[in-house]
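Keep the structure open as you read.

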Amino acid sequence: LFFRFMPWHVFADTSAGVIDTFWFGLPEGASLPWEGWIGPIVQWFGVSLAMVVFGLCLIIVFQKQWVEGEKLTFPLAQMPLDLTSGFDGSRQLPAIFRSGIFWLGFAAVFLPMLYNMGTYFAPGLPPVELYWKHYEWEPGGPFPPVTFRVMPLVLAVTYLCPVDILGSMVVFYTLVVLKMGAMRSVGFSVGSSGQQIAGWDILYMESYGALVFVALWSIWLARRHLRQVWRQVRYGEGERAEVVRYRVAVAGMVVSGASVVGWATSLGMSLPLALLTFLLMTLVFFVTTKLIAATGFAYLFPNRPQLKGESFVVDLIGSIYLTERNLVAFKIFTSYAFFGNFRIPVWPALTHHLRIFSLRKQPGWVVAAVLVAFPVGWLVAARETIVLAYDGGAALFLRATDPFDQLAHLMQNHRVPDLGKWGIWAFGLTEAALLAWMRTHFSWFSLHPIGLAFQYTFGTRLYWFSLLLVWVVKLTLLRYGGVRAYHAGKPFFYGLGIGYVMGVTLSGLVDLVWFPAQGHRVHGW
């Protein structure tokens, strides 16, 4: 169906010596055929680095707005800052480690994990599974199962998340369970015959509309800041160092963005489709990065079909309008092969990197850290994946056929524009706009559109109960003790997170020494 449209220049050499041994392993004594991989590695690394540079430049443009204008809390940056505050003082010990409340939180997690390590040597003892096990509740009837998961690291960092955002995520998750039950009860679906969506797909489309609105709303909130940045870039107004920084950032966005779009066209995409896909991808990456900075909830993952614009192009615009060459290139560009899966790489870390270190005082070192860390990580991961494949055979562990299975299905079952799907998408966008309007005009209204945008994503579905626990505790502390009680409770939650990290680390060391071929589960989703 599609081999004649494949951009073979971005894939490894297709000779038997390269491909067969990749899937089934190298014969004894044979050398790895790196000559078949150098070209593809250079291409994929180059376009991935361009995405990193684009993200870095984009975040540099918005960072001042997020820090000073919107005052985001950056929990994932604030926690390490708090944990190291005072480390260079006379006592050479961070102040938080002198808090009894911190050690109480530490013990609440570390001691049960220490007890579990004892059960490694006495298998008859029952383990404490609270911190790694998922508990499922089946409400029955049309309602979906509900997962309960207590994750100390989530408790630690989301304690710094604003109460309204925590509450919104919990409330909308609860509503989504009810909505799912209602839709199943009446058999609700939308779409033309042969391309209908129902259940979760409807909720995903609703969330996608809300996510697009939140992205556009974030840009709207920054409009004054962006006008000021434009004046600095164009006319040189303001502090010279800031003018230079923004000019370099804008130039970097133009060059790196053009590189990504140009590479997409080299796959076979038309220029309009490449531009649209890059824009949709950037919007989702951008808003997710901002919301992680606001919440500290690192498991804030968009739904997979919406991550890189695939759902918008295929389901809303319609794949029927894409030529076969365009469709093949589009599926490769939006697959996990390009710049990661729903765990968005690099971008969420960049904004915290700029929050911890000063771009104003050390611009060279801050940028150099990014431009060294990403290439090293990327190249090591690529090399080790390829070596592992040739060592034991990629057929044993590598799933690489999914995008091509989907592509073959699409080529035989084209999607057409559908008013029902557009209606669900527009409904989600309108809901989010109404929530934003209510928050702006009524001080008592606390629901945030983020709850709708991520109402049933992977992270929310898995960790909603942890968010609920933090929300209840923060509401109680603020209601009866005010800000002072909230700050007094922070060391306890930090202790939960550090206790978990130390427990996982020590368990790994115990396994390494006494159970190297067995191991024990202590951490996971």
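**Cavity, pocket, core**

The largest cavity holds about 40 Å³ of space. The model is predicted: local features need pLDDT of at least 70, side-chain atom pairs count only at pLDDT 80 or more, and totals for chains, interfaces and linings use all residues. Residues are numbered from 1 along each chain as its sequence is written, and side-chain values use heavy atoms, with hydrogens and water left out.

Q: Why is this space called a cavity?
A: On a 1 Å grid over the protein atoms alone, a cavity is a set of points where a 1.4 Å probe fits but cannot get out. Grid points are joined across faces, edges and corners, and the volume is the space filled by probe spheres set on the points. A search of the whole structure finds one cavity of 30 Å³ or more.

Q: What makes a residue part of a lining?
A: A lining residue has an atom within 4 Å of a point. For the largest cavity, the lining includes Tyr204, Pro302 and Thr457. Helix H7 (residues 200–221) gives the largest share, four residues. A helix here is a DSSP run of H or I with at least four residues, numbered from the N terminus.

Q: How do the lining residues of the largest cavity divide by class?
A: Six are nonpolar, four polar and none charged. Ala, Val, Leu, Ile, Met, Phe, Trp, Tyr, Cys and Pro count as nonpolar, Asp, Glu, Lys and Arg as charged, and the others, Gly among them, as polar.

Q: What makes a space a pocket?
A: A pocket is an open set with protein on both sides within 12 Å along at least five of seven lines. The second largest pocket has about 380 Å³ of space. Its lining has six nonpolar, two polar and seven charged residues. H2 gives the largest share, five residues.

Q: Why is Leu111 called partly exposed?
A: Buried means under 20% relative accessible area, exposed over 50%, and partly exposed in between (1.4 Å probe, protein chains only). Leu111 has 48%, so Leu111 is partly exposed. Leu111 sits in helix H4 (residues 100–121).

Q: What makes a set of residues a nonpolar core?
A: The set must be buried Ala, Val, Leu, Ile, Met, Phe, Trp, Tyr and Cys residues, joined through side-chain atoms within 4.5 Å. The largest such core has 149 residues, and Trp347 is one of those with the most contacts inside it. Helix H2 (residues 38–69) gives the largest share, 15 residues.

Methods
Helix = DSSP H or I, 4+ residues; strand = E, 2+ residues; numbered from the N terminus.
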